[in-house]
Amino acid sequence: MPGTGKRTNEGTHGRKDAPARGKAVRRSVRASLLPASERIGEIISRLQRRYPEARCSLEHRDPLQLLVATILSAQCTDVRVNLVTRDLFRKYRAAGDYAAADPAVFESEIRSTGFFRNKTKSVIGMAQGLLERFSGRVPDTMDDLTSLPGVGRKTANVVLGNAFGKDEGVVVDTHVARLTGLLGLTEQTVPEKIEQDLMRIVPRRRWTLFSHLLIHHGRAVCIARRPRCDACPVADLCPSAEV
DNA sequence: ATCCCGAGGG
DNA sequence: CCCTCTGGAT
């Protein structure tokens, strides 16, 4: 086999941190901002006004579809995931369909989402777990969901919050990790620790909404490659904003 | 801390 | 070419 293409991959989360933006960060002007706990309310309020339509952007009709879509979403845009699942969900309708899938065929079907070998093992293994331990149904608790292969806290939080309407945790994806760091809502870089900080300062009833707001903001304005601080509704509440 | 991996933006 | 995209397992 073409074996290891040894692509120089880099980590996934928490890029070392790149304060670099060519210019030495000039945050002295906003050095005197209120603590996170006193800015969070206004931040959520303004983002909600800006993105009133913020919701889960992974297309799904039931918990199983959302679970599969979320597993496929790792390091991949939601647009591409939706493109793949549109055909996938037509063929695989129940846990048993995924559990009985031919790995080679499934790999080719989700290939464009990247990490296709790992994702195939995760989806098929997850489906087999559903059949063996949950009667083929997607469980609605954090412990049961994370007991499934390929399902971590992030994926479990997405399913719990969007398919079951339960705010069990805060979804910390690449956008949430980046933006909360820039906003000075946490000093942590490990997703789980970021989530712990956010669960303390964000009202529980807003946990799911909060993630959607940051994800939308991260795509539209606070873009990783080039944040548009000039168009940001919370720039005056952000210690990293470069006017 | 590393690896898995394709696709699109700049 | 380099970076980023709704991560999880080792």
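**Reading the helices of chain A**

Chain A holds 11 helices and 0 strands, where helices (H or I, at least four residues) and strands (E, at least two) are DSSP runs numbered from the N terminus. This is a predicted model, in which local features need pLDDT of at least 70 and side-chain atom pairs count only at pLDDT 80 or more, while totals for chains, interfaces and linings use all residues. Residues are numbered from 1 along each chain as its sequence is written, chains are lettered from A and ligands numbered from 1 in the order in which they are written, and side-chain values use heavy atoms, with hydrogens and water left out.

Me: What share of the residues in chain A is buried?

Reply: A residue is called buried under 20% relative accessible area, exposed over 50%, and partly exposed in between (1.4 Å probe, protein chains only). In chain A, 43% of the 243 residues are buried.

Me: How should I read contacts along the chain, and what percentage join residues at least 24 apart?

Reply: Contact means heavy atoms within 4.5 Å. Taking contacts in chain A between residues at least 6 apart in sequence, 62% join residues at least 24 apart.

Me: At what angle do the axes of H2 and H6 cross?

Reply: Axes are lines fitted to C-alpha atoms, for helices over the stretch in contact, and angles run from 0 to 180 degrees between N-to-C directions. Helix H2 (residues 63-72) and helix H6 (residues 116-134) have axes that come within 9 Å and cross at roughly 155°. Angles under 35 degrees count as roughly parallel, over 145 as roughly antiparallel, 65 to 115 as roughly perpendicular and the rest as oblique. H2 and H6 are therefore roughly antiparallel to each other.

Me: Which residues make this contact between H2 and H6?

Reply: H2 contributes Leu64, Leu67, Val68, Ile71 and Leu72, and H6 contributes Lys119, Ser122, Val123, Met126 and Leu130. For classes, Ala, Val, Leu, Ile, Met, Phe, Trp, Tyr, Cys and Pro count as nonpolar, Asp, Glu, Lys and Arg as charged, and the others, Gly among them, as polar. The contact of H2 with H6 has 8 nonpolar, 1 polar and 1 charged residues.

Me: Which residues of H3 and H5 meet?

Reply: Helix H3 (residues 78-91) packs with helix H5 (residues 103-110) at an angle of about 145°, their axes being 9 Å apart. Val84, Leu88 and Lys91 of H3 meet Val105, Phe106, Glu109 and Ile110 of H5. By class, this contact has 5 nonpolar, no polar and 2 charged residues.

Me: Why is helix H8 described as largely enclosed by the rest of the structure?

Reply: Helix H8 (residues 153-162) is largely enclosed because 7 of its 10 residues are buried. They are Thr155, Ala156, Asn157, Val158, Val159, Leu160 and Gly161. The buried residues of H8 pack against H2, helix H7 (142-146), helix H10 (191-201) and H11.

Me: How many disulfides does a search of the whole structure find?

Reply: A disulfide is a pair of cysteine sulfur atoms within 2.5 Å. The search of the whole structure finds 0 disulfides. For Cys222, the nearest cysteine sulfur, that of Cys232, is 6.4 Å away. Cys222 is buried at 13% relative accessible area, whereas Cys229 counts as partly exposed at 22%.
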